[in-house]
Amino acid sequence: MHEPKAGDGRHTNALSEPAAGETLSHQEAERRLARMVGTPPPGGGDFFQLVALLTSGKRTANGAGGAQLHRAEARYRALVEQIPAVTFMAPLDGSTSQLYVSPQIEELLGFSAQEWLDDPFLWYRQLHPDDQARWADSFTRTCFAGERIRAEFRFLSRDGRVVWVHGEAKLVMDEHGAPSFLHGVAFDITERKRAEEATLVAYEEIKRLKDQLQADNVYLQEEIKLKCNFGEIVGQTPAIRGVLDQVEQVAGTSATVLILGETGTGKELLARAIHSGSPRSARPMLMFNGAALPSTLIESELFGHEKGAYTGALNRQIGRFEQADGSTLFLDEIGELPLEVQVKLLRVLQYGQFERLGSSRTLSAKVRIIAASNRDLEKMVQEGRFREDLFYRLNVFPIRLPPLRERPEDIPLLAWSFVREFGRTMGQKITSIPRATMEALKRYPWPGNIRELRNVIERAMIVTQGPALTVELPSMSNGNSISAAISSNQTTTNNGLTLDETQRSHILSVLQKTGWRVSGKNGAAAILGLKPTTLESRMARLGIRRER
């Protein structure tokens, strides 16, 4: 039998017998065996058919060399076919056919070894389309740079499965130093890839959860900031949280803020919260109360005076604006300022300039103004008791603090906050507030707002004997004090109705007269002396809805 020529199509994985009369000497066998394990035979041709000739030739007289080669070939084949990988050898001489592929290929991709040998392009067709360009790049680097191929590719099996393969191949050169064969192995790494993908999915999920946790942590930090860094501001109702949102928005700016609200609603606390969240927080906020001084001393307190500026001015005094340079000045009860002082205040707000009493030297100060009032400044402007231009200068960012009666759901939080505060200072431990007590606290109208609630809790802490808080509310309009511990659990007015029932009845009566018109000149809010938003909030709390 003569060796088939490269490219004649007669390729096989089986080893063939030599033609009759064909013999090999022991020396030739040893010499050719050395070529088999070291370099390809000269002249090209089919390497494994050459091995067949070597291992299947007739023996010499003693037969030792042929038998040895036959056993070596059998051991080699058994070894190759037992390893958990596909071995292959492909020519680079233009024959475009596989020389050898181990039987493991069928278990890997579902095609027999003979099918791969018969169809030289089968491997490329089964290569995943997204990996074909990468394979070509690796192949080119191997052929022209002599690099060893180490890459991972996807193949499509006969039944359509995606099989991940780790391939390693080395270029074998002929005796002239030209590339002749590509010899390599391929391992099934599908399970490993699935594990990696599962790990990646798990990692992405962990990252997502981590990001969510960080976002939640930021949210919780913001919650803590709202509840703690805003001083003693306590509350969870939409009304108070809306106020705190406004504080967050304006705190970091230098804008003038006007806080409006009834007495005792916490305007000073809100001003401190704005200052603490501002870039000026390194310096203390200065305060001025327009209702605490006689009108003759207000100008001196705000702008300062020189020695001898007026009777009793024995020394030079620096005013609040000078002291607050670079910081914040809280002007409480701004509605109490005399008109002549309002003119000078307007100049400071416009130009940042002022003069001390008794001096002609103009001073400058960069001061952030937070003003507050429990009065209706717009009404005062209409009555000529407050300058319109000053009102608009102050009304850059108005914040309205709702009265306590508009946020009864916050009363339990506030009550417990005061109980803990006074418990620390008095050394008293209160473990419970009876339900009847809490309900009575929520129904009481609190004309003095949070300040009044604080005083009531403080008095209750003083008189309570035992772990349960006993609260006696202030007198109502009928002159009778209301004990929150009584079993009736009803806060009544002198007509026998609860306060909420009385309010509900009165609001309904006014709404019916106005045809359920809430806002506007002749609306129910104007008749009741309330802002439309306040009336709407109270209607919602009292369950007042127009019947359709």
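## Second largest cavity

Two helices, H17 (435-443) and H19 (499-513), each give at least two residues to the lining of the second largest cavity. Helices here are DSSP runs (H or I, at least four residues) and strands likewise (E, at least two), numbered from the N terminus. H19 makes the largest contribution to this lining, with three residues.

The model is predicted: local features need pLDDT of at least 70 and side-chain atom pairs pLDDT 80 or more, while totals for chains, interfaces and linings use all residues. Residues are numbered from 1 along each chain as its sequence is written, and side-chain values use heavy atoms, without hydrogens and water.

The volume of the second largest cavity is about 50 Å³. A cavity is a set of points on a 1 Å grid over the protein atoms alone where a 1.4 Å probe fits but cannot get out, and lining residues have an atom within 4 Å of a point. Points are joined across faces, edges and corners, and a volume is the space filled by probe spheres set on them. Eleven residues line this cavity, with Arg405, Arg443, Tyr444, Asp500 and Arg541 nearest its centre. By class, five are nonpolar, one is polar and five are charged.

## Largest pocket

The largest pocket (an open set with protein on both sides within 12 Å along at least five of seven lines) holds about 800 Å³ of space. Its lining has 30 residues, and Asp376, Arg400, Gly529, Leu530 and Lys531 are closest to the centre. Two or more lining residues come from each of H14 (377-382), strand E14 (397-400), H20 (524-528) and H21 (532-542). H14 has the largest share, four residues.

Methods:
Ala, Val, Leu, Ile, Met, Phe, Trp, Tyr, Cys and Pro count as nonpolar, Asp, Glu, Lys and Arg as charged, and the others, Gly among them, as polar.
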